[in-house]
Amino acid sequence: MALPHRALVLVADGTKVLFLRNHGDQNQIDLRTESHEARKDRKDSEIKTDAPGTQGQRWGDGRPTMDETDFHQQEEDRWVKDAAEELKKRALRNDFDALAVIAPPKALGTLRKELHKEVERRIVLTVNKEMTDRPIPDIEELLVGESAPPA
């Protein structure tokens, strides 16, 4: 499906969120930035407060360490959930009728779990790809290629 005029495009990953608006039409995509945010990546020492836990065992000579929580992944998931909340607010105030989402697999999975049904209803295109560090012409080219009918 082609990207209609005034469609919203979300380009996101665990560290960046970019909202673009199509000012062109279905034949000529013209994306313009509406808002963008980048999360500052923090060091482990700034995120966690303790060392990983240990568990005693009755046999053997070692004490295995329990799996440590991936705090960076938790922050990335929280960032994507915030983007889903922003989409919900925009959808409920009828800010967009059509939505294209571009995100890498892990972020896309997290986003899908968090999307409001009103946002889901407006999705016209989903692209499973990392594009947050790419310039807007590359994103436009990707959308043109994704929305073109198969040959």
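**Pocket and salt bridges**

Me: Which residues line the largest pocket?
Reply: This is a predicted model, where local features need pLDDT of at least 70, side-chain atom pairs count only at pLDDT 80 or more, and totals for chains, interfaces and linings use all residues. Residues are numbered from 1 along each chain as its sequence is written, and side-chain values use heavy atoms, without hydrogens and water. A pocket is an open set of points on a 1 Å grid where a 1.4 Å probe fits, with protein on both sides within 12 Å along at least five of seven lines; lining residues have an atom within 4 Å of a point. Here, the lining is V17, F19, S35, H36, E37, W79, D82, A83 and E86.

Me: Which element gives the most to that lining?
Reply: Elements are DSSP runs (helices H or I, at least four residues; strands E, at least two). Those giving two or more residues are β2 (16–22), β3 (31–38) and α2 (71–92). With four residues, the most comes from α2.

Me: Is R122 buried or exposed?
Reply: R122 also meets E118 in a salt bridge, at 2.9 Å. Under 20% relative accessible area means buried, over 50% exposed, and in between partly exposed (1.4 Å probe, protein chains only). E118 is partly exposed at 21% and R121 is exposed at 58%. Because its relative accessible area is 5%, R122 is buried.

Conventions:
A salt bridge is a side-chain nitrogen of Lys or Arg within 4 Å of a carboxyl oxygen of Asp or Glu.
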